[in-house]
Amino acid sequence: MLRLPSFQLVRAESVDDAARALANESDTRIVAGGTDLWPNMKRRHQKASTVVSLANVAELRGVKDTGGEIRIGAMTTLTDIHDSELVLAEQPAVARAVRSISSPVLRNMGTIGGNLCLDTRCTYYNQNEEWRQSINYCMKEQGETCWVAPNSPRCWAISASDSAPALCAIGARVRLVSTDGERTIPLPELYHDDGIDYLAKRPDEILVEVIVPKAGVAKTSFWKLRRRASIDFAVLTVAPAITVDASNTVTDAHIYMGAVGSFPIRVHESEKALLGKPFDAETIAEAARVARKDGTPLNNTDFIPQWRSRMIERYMEAALREAAGLEVDRLAPRHGFGE
Amino acid sequence: MGKTKTPKAEAPLSDAASEAPSEGSTDKKNVASDRPLNLIGKPFRRVDGRAKVTGQTKFADDLHFPRTVHMKLVRSTVPHAEIVSIDTTEAAGMPGVLGFLTGDDMPNTFGILPVSQDEHALCVGKVRFVGDPVVAVAALTEDQAHEAALKVKVEYNDLTTIASVEQAASTPEPRIHDYGDTGNIHKQVSMSFGDLDAGFAEADEIFEDIYYFEGNTHLPMEQHASIAFTEDDGRVTIYSSTQTPHYLHRSLAKVLELPASRIRVIACPNGGGFGGKSDPFNHEICAAKMALKLGRPVKIALTREEVFYCHRGRHPVLMKTRTGFKKDGRMTAQHLQTALDGGAYGSYGVASTYYTGALQTVTYDLPKYRFDSIRAFTNKPPCGPKRGHGTPQPRAAFETHLDKAAHRLGIDPADIRLNNLVPPDSVTANYLKVGSIGLGDCIEAVVKGSGWRERYGKLPEGRGLGLACGSYLCGAGLPIYWNFMPQSGVQIKLDRSGGVAVFCGETEIGQGSDSVLAACVAEILGIDLQDIRLCVADTDLTPVDLGSYSSRVTLMVGNAAVQAAERAREIIAKAAGEKLDVPPSRLAFSEHRVFDIEDDERSMSFVEAVQAAEAKFGTLGTTGSYIPPRSPGRYRGAGVGPSPAYSYSAAVVEVEVDPQTGIYQVEHVWMAHDVGKCINPALVMGQIEGSVYMGLGEAMMEEQVFRRLPKKRSNALVHKHPSLLEYKSPTFHEMPPVTSYIIEDPDPNGPFGAKEVGQGPLLPMPPAVANAIFDAVGVRVDQVPIGPHHVLEALERKAKGKEGRVGPNKFPDYDFGVPLNVPTVAEGGDGKATNQETAGVRKGIGTMKDREEAVGKGGQ
């Protein structure tokens, strides 16, 4: 099998412990569930001389009801989140997004912190050392060229987190801790539109907590497109959170798409098409029609980009219709969710 | 659970002890008696089942010996290049490193076919694809071997990258190999059976279709692994996950330059093979060589990426089918052209090439038939045999072609098939001898089960049914290398303990071959499976069996086992008869006893009977062997296609398609398979369902495809996704409910009438899915895999008033040479070509005289 390189493993017992290790050592990485980092290190496209494990940090585990909000520790497993009655009752779209991640065994290991910080993905990058050597590497790791778009000055690796768009749409925040102190930022501010420098989190900062608002008036849903109904990363996710007034007029809209760019993309065009209009089939069809202006599927994951681009409209329409309580007549729910 | 249907008369066990021939069926030697069977035909637990589910089975990677060291292969990172230099200096200084091998250490070539000895254990002079092994590194631990492998430096001088059949045909130089029919075309075939023009002239309608079947790979859960060690006096032993220990044995002898008698190959149970472990492999030979060099056990376990590079999977094939039809759907002639992308080495490719044409004739009557084919070398991992070997591609082309023809002619797709069936006991246009054929019963079973007559063409938009059929070999009629020896041998040892030891070279790859072997012996000796000790797949201890490929094991090993067991029974019966004072022919063996069928009070236990035989005859042992019957074809190429018997399958698939996205789901599969006679219905069902699963993967998503980087910037040609995550294969969610029908039409050549089931039921799946999509939404996707984007594109084309079809439009104008002309039996032909001398004669495949002699001695 592929083998891990040698490195120093620090098993932190507390957040302070971990923060100190990250401050004192250079060339560090944090490991939570290990479902992303270990395969990446075996393939040698993520490297570290010191890996700080949060596995023993008990304070980072669990879903807490703090009255106005839900606080989810970064080390809470994905299984524990989608099995949480609280999350399911307050934010069912988040529960659905988390349940759609990979497969049950991976969700038993994978954590919410890890999923939010998931390395961006690309079929020219998620390959072993020898394979990448055969293409003379790529811009994201050791190379010069982005093989997805060879004349591009930037890397187009894809944000593949399913929880991120769902949590961005409902206004979740994340708390980051380092030896310099802590800060809490809206989740969308955690991300940069860049396949390489995709996180605003500094390497010495630890994402310790996700702060999730309780259900407000917003209507939400989550739709995911992928080849198979389990295991696969998304090639498209759509997560709307729509607020309407008493006359069913849209007063607020937050819609995010995943897997069609290097970060969770806010779908401004669709939001504009909804605002001030009745949340009905006609408005939704228009909002869906313009959605693809905000996403850029490229040839660096499964399926051809042209079809994925076409699916943005279909999936946006389905997700918005479901949020609006309209009938959705598609095979896709059975196709897309491991429910 | 599926249902079992037995449309024909029961086909019970032959009873060789009773000499009386059964009425009117003197040729049915194995289906001759009315004595009920004890074991055969009833579901029983597989003999290796408990060990597998409790983790006791030792796969190759589970083995470890004292002082074992680990080996890694440094593989080419360029698709096509000369090796300029190899520098192991830095790697040699890495911790734990013990030694290296390069191509210079093993100059002899090897390969599975005698005509394609084109592989080196490690590349000599040049590399031919990304993944071609160049250097072997051994170290104390696997980690150390891996780190050292990454430090080996190989300098290359790039050659032109050949990425496709078209490019290979138009780029004769540089040649990937310095042999083959021409330039980078490895093999050209053209053969015409009967007066094709006359056949087409008789037709009322002539239809032509072009179809593409993408390559895909086996995806066994077990990655290949081997461990080799030396013993005194220059002997070497290798345990390996191989389907063909005998062929590995031969290749080792050739490359290591050791007498075969000093090499021992033991095939471990395979964690899935599907054809992907049928070639002798570089890593196996390197492990043996490294063990000889270091004098320590050497182990190598491939990574998943390396398994994708070993490949030998389904060839990508472009096909053109042209068929003449009468108004009533009868076919008058067919002309099939195929073009195979072979990858970088020969492997089984010459056979694969012939197989893309050979079995088109055994399902529906084709009075005149022409077949042209080419196989090209390209800079990709070599293609070879995957479940169905070369036949699923043309079968998919034929069955979709037939579905279209049925629609054009206004005939139900089930009827057009039923009306064209090949008659039993007949000879096809290309001289294949068809014995039993249960295809009609298969079609009737799935038509009835699926409610076809009531539902086909009448389901709501988006729902559809599709029907398709298939056929496969029960072992190839000829061995891979010319010889007159048995294809399968079994030895039985019995002694006073009452235990029966059965020795056979057969290899358990998960298909249940151990259980078949044990069951055949247990049935005839009237004992339990638990009383049988198997010793299999060990070239030192077991008689040769050619291996687990071409669905040959049940029929060939089964027949050899039956013969050995009957001989044992005869010996025991002689001794027991003497003791009981009963003529041996009146003795029956059942429930651990030997008794007089006319007076069952006169009996003794099986153990006592064996003791009587050991006392009378001395140490007891018998052998059995099997050689297939001779086939009637006498033309060049007639060696590919003949089989002692053909299995048949028919499937109906139900799909639901979302016309907004093209996403579709297979809702149900009805699969009927003519297995001749079930040895074990539980295993037969397992094989049917496994074939449905694998065929569904090929239909829906599996593809072994490559990325060519922009030519101005790079020569790279890499496997697009050598990983289990990105090479898409169905999960539980995609697997539909399956209703299986076991059709039993016993074949006189099969043990107890049994035929194969390991590969056949895969064949109908891809075309049945395609035909169902057509019934659901009225569009044709003439290629596999069928992605939702293809379905949507076809729907959009149709909506714009264009042809509702996605697929290749053109078959390139390849030169196949002058066709070999073989008159059919109906035309008075004798199986020989009329223009043997003038038709493009090519080197390397043996003279007609060799072939005639070999064929002539077969079955004697």
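Helix 10 (residues 392-409) of chain B contains B:Gln393, helices being DSSP runs of H or I of at least four residues and strands runs of E of at least two, numbered from the N terminus. The model is a predicted one, in which local features need pLDDT of at least 70, side-chain atom pairs count only at pLDDT 80 or more, and totals for chains, interfaces and linings use all residues. Residues are numbered from 1 along each chain as its sequence is written, chains are lettered from A and ligands numbered from 1 in the order in which they are written, and side-chain values use heavy atoms, with hydrogens and water left out.

B:Gln393 counts as buried because its relative accessibility is 1%; buried means under 20% relative accessible area, exposed over 50%, and partly exposed in between, with a 1.4 Å probe and protein chains only. Beyond its neighbours within four places in sequence, B:Gln393 is in contact (heavy atoms within 4.5 Å) with B:Phe213, B:Arg314, B:His315, B:Val317 and B:Met319. B:Met319 is also among the residues touched by B:Phe811, which lies in the loop between strand 34 (805-806) and strand 35 of chain B. B:Phe811 is buried, with a relative accessible area of 8%. Between the C-alpha atoms of B:Phe811 and B:Val738, which are 73 residues apart along the chain, the separation is 36 Å.

Strand 8 and strand 35 of chain B run parallel and are joined by three bridges, pairing being assigned if DSSP finds at least two bridges between two strands. Within this pair, B:Ser192 has B:Asn821 of strand 35 as its bridge partner.

The loop between helix 4 (165-170) and strand 8 (185-193) of chain B holds B:Arg175. With a relative accessible area of 25%, B:Arg175 is partly exposed. Its contacts, not counting residues up to four places away in sequence, are B:His80, B:Lys126, B:Gly180, B:Thr182, B:Gly183 and B:Asn184. B:Arg175 and B:Leu478 lie 303 residues apart in sequence and 31 Å apart in space, C-alpha to C-alpha.

A further pairing involves strand 19 (residues 463-473) of chain B, in which ten of the eleven residues are buried. Strand 19 pairs with strand 27 (residues 646-657) of chain B in the antiparallel sense over eleven bridges, and B:Cys469 has B:Ala650 of strand 27 as its bridge partner.

Over the whole chain, the secondary structure of chain B comes to 20 helices and 35 strands. The radius of gyration of chain B is 27 Å, close to the 29 Å that the globule rule gives for 860 residues, so chain B is as compact as a globular protein of that length; the radius is taken over C-alpha atoms, and the rule is 2.2 Å times the number of residues to the power 0.38. The C-alpha trace spans about 90 × 75 × 55 Å along its principal axes. Of the 860 residues in chain B, 67% are buried. Among contacts between residues at least 6 apart in sequence, 80% join residues at least 24 apart.
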